[in-house]
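Trainee: Could you walk me through reading a model like this one?
Mentor: Gladly; let's look at it together.

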Amino acid sequence: MKNRKKTKPAGNPSPVRAVLKSSLLALAISLVLVVIAAFLMMKQVLPISSTKIVNPAIKAVSALIAALIGVKGFEKRNFLFGGLCGICYMLITTLVFALLSGEFAFGIPLLTDAGLCTLAGMVGGILRSLAK
């Protein structure tokens, strides 16, 4: 007997796989954007005080991109999957940056990031559903 691989139709991706894949891709995008922002601050194009604006903007853009990529192929509930992409992105990003910095702080800023990334992910899911 031959072992045959079970394949899923191309139009119906696994939700878990799509969310994780898009969140990891958005993490890579945010890492690149953080390096660019740090370079601009080092060259004094951006002031150091702009960090309070640049960091949430990078998170929101990356969560939006995660949702736009993650909900591709889904027919219904794109805003929910988009919000899930945003939350997953926020959790992965928080974990990575906590490991890089060596410290983790739970508090209002973390909850604000969760809300921001969820909202940006939901907007991405809505935009993807409107583009169909």
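Trainee: What share of the residues of the protein counts as buried?
Mentor: Buried means under 20% relative accessible area, exposed over 50%, and partly exposed in between, with a 1.4 Å probe and protein chains only. Here 32% of the 132 residues count as buried. Do keep in mind that this is a predicted model: local features need pLDDT of at least 70, side-chain atom pairs count only at pLDDT 80 or more, and totals for chains, interfaces and linings use all residues. Residues are numbered from 1 along each chain as its sequence is written, and side-chain values use heavy atoms, with hydrogens and water left out.

Trainee: How many helices and strands does the protein have?
Mentor: Helices (H or I, at least four residues) and strands (E, at least two) are DSSP runs, numbered from the N terminus. This protein has four helices and zero strands, so the order reads α-α-α-α from the N terminus on.

Trainee: Which residues of the largest nonpolar core touch the most other members?
Mentor: In soluble globular proteins, nonpolar side chains tend to be buried together. A nonpolar core is a set of buried Ala, Val, Leu, Ile, Met, Phe, Trp, Tyr and Cys residues joined through side-chain atoms within 4.5 Å. The largest one has 16 residues, and A63, C85, Y89, M90 and C117 touch the most other members. Two or more residues come from each of α1 (15–42), α2, α3 and α4, with α3 giving the most, five residues.

Trainee: What is C85 in contact with, beyond its neighbours within four places in sequence?
Mentor: Contact means heavy atoms within 4.5 Å. By that test C85 meets V19, S22, S23, A66, A67 and G70.

Trainee: And where is L64, buried or partly exposed?
Mentor: L64 sits in helix α2 (residues 51–70). Its relative accessible area is 25%, so L64 is partly exposed. Leaving aside neighbours within four places in sequence, L64 is in contact with A120, V123, G124 and L127.

Trainee: Which residues make the nonpolar surface patch?
Mentor: Like charges are joined within 9 Å, and nonpolar side chains (Val, Leu, Ile, Met, Phe, Trp, Tyr) within 5 Å. Here F79, L80, L119, V123, I126, L127 and L130 make a nonpolar patch of about 650 Å², with areas from the Shrake-Rupley method using a 1.4 Å probe; for residues, only the protein chains shown count as cover. Helix α4 gives the most, with five residues.

Note on methods: Patch = residues over 30% accessible without salt bridge, like charges linked within 9 Å, V, L, I, M, F, W, Y side chains within 5 Å. Salt bridge = Lys/Arg side-chain N within 4 Å of Asp/Glu carboxyl O.
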